[in-house]
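Please have the structure open as you read.

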Amino acid sequence: MSLHTRSLAELAAGLAAKEFSAVELARHFIARIDAANEGLNAFLTVTTERALADAARADAARAAGRAGPLTGLPVAHKDIFCTDGIRTSCGSRMLDGFIAPYDATVVERLQAAGTVLLGKTNMDEFAMGSSNENSYYGPVRNPWDRGKVPGGSSGGSAAAVAARLVPAATGTDTGGSIRQPAALVGVSGIKPTYGRVSRYGMIAFASSLDQAGVLAPSAADCALLLGAMAGFDPRDSTSVDVPVPDYVAELEAPLRGKRIGVLKEFFAEGLEGPTGALVEAAIALLREQGAEIVEVSCPNLPLSVPTYYVVAPAECSSNLSRFDGVRFGHRCKEPRDLMDLYKRSRGEGFGAEVKRRIMTGTYVLSAGYYDAYYLKAQKVRSLITADFRRAFETVDLLVGPTSPTPAFAIGAKVDDPITMYLNDIYTIGANLAGLPAMSVPCGFVGALPVGLQLIGPHFGESRLLAAAHAYQRETDFHRRLPAAYA
Amino acid sequence: MSLTRRDVEGIAHLARLEITEGELPVYVDSLSKILSFVEQLNAAQTASVEPMAHPLEGEIQRLRADVVSESDRHEKYQANAPLVAGALYVVPKVIE
């Protein structure tokens, strides 16, 4: 069995049994990145030396009897996480030369757990996008069909895991940026509860929505990594001080007797037939496994996308005001005065979609429009959150599709922002309400993967992971590899 | 909602973004579409609804004690600055 087809848990077992060393494992994946990255553009930075040093340290720790469950396992970080001494570009020209001066908490915790850093993955600029076409460094390609997008914004992490250039990678999810790419490339991805994982050192896009998570082949792999990432961090004022359960131990919780709500609003107009059929088949399998399936309605959920496209740009316009061409980031040549410095540095440093969102946000927050847009959207957000709260009074989990279609062609939606925004129609609700949600592979339309989405109540990660794990014991979609990367 | 060129120029100024002549019509069009799209929100009855303040019920942003928690690392931080002189960030002359 070759190393890259194994799950994280299987790799951990192989390392523990001294079947191979962490250095051998790192070299295996680095060779895969070297061979495949030019065609996929999934990695922006490959940290070969760092990986080999991390791996040697992991092997030494194991020899000394100090290995933990993650010691020696290779990971990659989305290039939105600050990595001390390593370029952290956020997919933007603005941060092209930015060398992070400290580690994000997520990076620090995974490092402390003994993981091996292979590199930084490509992404939509500042995590704004659903196709990874908004990266300053060019689009990421979908390993199942390189003419198709991998989804976004964590598209580099998703493609890297799908092609097994790395066994797991971090991502961030503001409106679906872990789950939608996970669905489009056929891997598992979890966005935890808002506040579950520290946002310290994670470059901010929309601070009331942003949350870090994991992309990996299986739910069990996600559980393993999430356990090491989650937990209270005094450096993030929105980090929540709630104990982290043993996600791996809780994977085996039975599905039998669980009440799962099928979200009626997710099966309306817009969902493509073949995608919907696969999701319905997956729900039927959950029923066969003993879950009770009921229909649930969240009537305000169809307003998720317009709510998001007021709230997220508003927060983005505030967060990205820090890029002023003075303290860090791109600075224009020969500014005439301070205003010229600001305007040209930002105009040159940001790409088209980022500028569009900053301007949308600036408009909705400007004098005279705040009540009509921002306040209204935050009220609708309350309604959507209340819908979910009511739903979770009667069900343990909610299910539906992750994305209305499989991966689309590169270039197909770039000219129409609204069409692009509607890719996230099923994922945004969980962000607005701060709920944990995940996507797991549930079949293929032609050669392209489709994802099943599971949404849980606040801090219901264990429930999500256990249900996904039960599903993955009966299916093998998550184990399939694109032929070119087998 | 339909924005004019002048509207978009005004927004770009507030956002401190230089928008080129070529980009301007694209933003006039797409920002108008986005604002029309979000007008769907007007259909929601929100007269008695509180705006959401935090995704988690009962949670508020935590405050911390106002104490020094980090040592001086200005050299490392300023290594990313485009222009520094004597540990100061340099900008074009502001006061004549």
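Two strands pair if DSSP finds at least two bridges between them. Strands (E, at least two residues) are DSSP runs, numbered from the N terminus. With that in hand, the bridge partner of A:Ile190 in S10(A) is A:Met438.

This is a predicted model, in which local features need pLDDT of at least 70, side-chain atom pairs count only at pLDDT 80 or more, and totals for chains, interfaces and linings use all residues. Residues are numbered from 1 along each chain as its sequence is written, while chains are lettered from A and ligands numbered from 1 in the order in which they are written.

Strand S10 covers residues 437-445 of chain A, and seven of its nine residues are buried (20 or more other C-beta atoms, placed from the backbone, within 10 Å of a residue's own). Its pairings are set out here.

| Partner of S10(A) | Residues | Sense | Bridges |
|---|---|---|---|
| S5(A) | 188-191 | antiparallel | three bridges |
| S11(A) | 448-455 | antiparallel | eight bridges |

On the S11(A) side, A:Ser439 has A:Gln453 as its bridge partner. S10(A) and S11(A) form a hairpin with two residues between them. In that turn, A:Gly446 has a positive phi of about 65°.

Now for the domains. The domain assignment, automatic or from a database, gives chain A domain 1 (3-252) and domain 2 (311-375). Where they meet, 20 residues of domain 1 are in contact (C-beta atoms, placed from the backbone, within 7 Å) with 16 residues of domain 2.

Terms used:
Buried ≥ 20, exposed ≤ 12 C-beta atoms within 10 Å, placed from the backbone. Helix = DSSP H or I, 4+ residues; strand = E, 2+ residues; numbered from the N terminus. Contact = placed C-beta atoms within 7 Å.
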